Amino acid sequence: MNDLTWGILGTAGIARKAMLPALRAAEGCRLGAIASRDVTRAEAMARDFDIPRAYGSYEALLADPWIDVIYNPLPNHLHVPLTLQALAAGKHVLCEKPLALTLSDARNVTAAAQDAGRVVAEAFMTRHHPQWRRARDMVSSGRIGRLNGVQAMFSYCNNDPGNVRNQKAIGGGGLYDVGCYAVDTARFFFGSEPEAVSCLMDIDPDFGTDRLTTGAARFAGGGQLSFTVSTQSALVQQLTLLGSDGYLVFDAPFNCPADHPARLAVDSGADLLGGGRALLACPPVDQYRLQAETFAQAVRQARPDPATAGDILGNAATLEALARAAQSHRWEAISPTTNHAGD
Ligand SMILES: NC(=O)c1ccc[n+]([C@@H]2O[C@H](COP(=O)([O-])OP(=O)(O)OC[C@H]3O[C@@H](n4cnc5c(N)ncnc54)[C@H](OP(=O)(O)O)[C@@H]3O)[C@@H](O)[C@H]2O)c1
């Protein structure tokens, strides 16, 4: 079967850093075209990555019949409209996180994909890293007892007013940029949907975006997520899965470099000095390449990507409720999505 031909919307940093190298290496995938609001930027990126076609508008790329799959790494406010346009043009779409900021937007996208008979997925590359699969297998096999808590921290410092993360009108802020990882992570490991959330935000007075956000969620079955994310604090990523009989700690839960093994510690809690601790390592992998290959397989086999419609809906419903809770200063219920997390 022919390779799937990918078209890239925009000249995003994440495309340059991670997805274009991954797509060049991915089995069953080839780079076909890239589009920018400025054709010279598209041409420059096309030269850098040997992409045969460059367009000066997103619409021109979507109209190219050679393109099978669209990768959408535009700013957050363009995820839904451009994904809908791409589906209407008959393309499959891998869209950057967070795909949708509201449940109603998520419903529009998943319904459009179903109607068009096309695959749509939210680009949580983390789900494709073997360390996540391994950790979930340990949780399901009871290695740490009953999973009670998921605790996540994701922080960096970016004060650039021109950065997409610091522009409220285009979907900036810490909750949407990195809080979405905490939400998706907890749904992945609990394998269920949260019922209610609370959220505290510190808003940057100049940008109007949340620069320090702490959230909590209560899951069906009693498990709890707690997380802190920040766009203006030290660089850190942490994830702990707390069980009744032990816990799991990830060295690099979200952005483990492709040339480094991913290390996990599983601790029985025998003492506080690591006496019950075993260290495990997964060999180095490019999680972005695995994401592209998995998506390509989903297209070929006409089945959902592991990040299913249920995940798109569940993530959006939770983010929407967290944003609401930050305003109301109350616990907010999650609107039912009628789907289940996980694959
Ligand atoms: N999965 C991951 O690991 C990961 C990591 C980082 C970011 N992301 C996600 O990827 C998306 C892009 O993030 P990024 O940091 O790569 O952003 P970025 O470097 O600023 O790129 C965004 C691109 O969108 C296009 N664009 C269209 N309208 C725009 C507007 N009003 N303002 C700015 N750019 C606009 C621009 O391309 P043209 O002007 O050339 O058309 C720009 O290059 C976000 O949704 C983010 O959450 C994911």
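Residues 24 or more positions apart supply 67% of the contacts with a separation of 6 or more in the protein chain; a contact means heavy atoms within 4.5 Å. This is a predicted model: local features need pLDDT of at least 70, side-chain atom pairs count only at pLDDT 80 or more, and totals for chains, interfaces and linings use all residues. Residues are numbered from 1 along each chain as its sequence is written, and side-chain values use heavy atoms, without hydrogens or water.

The protein chain holds nine helices and 15 strands. These are DSSP runs, numbered from the N terminus: helices are H or I with at least four residues, strands are E with at least two. Of its 343 residues, 54% are buried, meaning under 20% relative accessible area with a 1.4 Å probe, protein chains only; exposed means over 50%, and partly exposed lies in between.

The UniProt record, in an unreviewed entry, lists residues 132-248 as "domain: GFO/IDH/MocA-like oxidoreductase"; such annotations may be inferred rather than shown by experiment. That stretch is 22% helix and 45% strand, with its end C-alpha atoms 11 Å apart.

Now the backbone. Most residues other than glycine have a negative phi, and most peptide bonds are trans. The bond from Lys97 to Pro98 is cis, with omega near -15 degrees. Pro98 sits in the loop between strand 5 (92-95) and helix 5 (103-116). Two non-glycine residues with positive phi follow.
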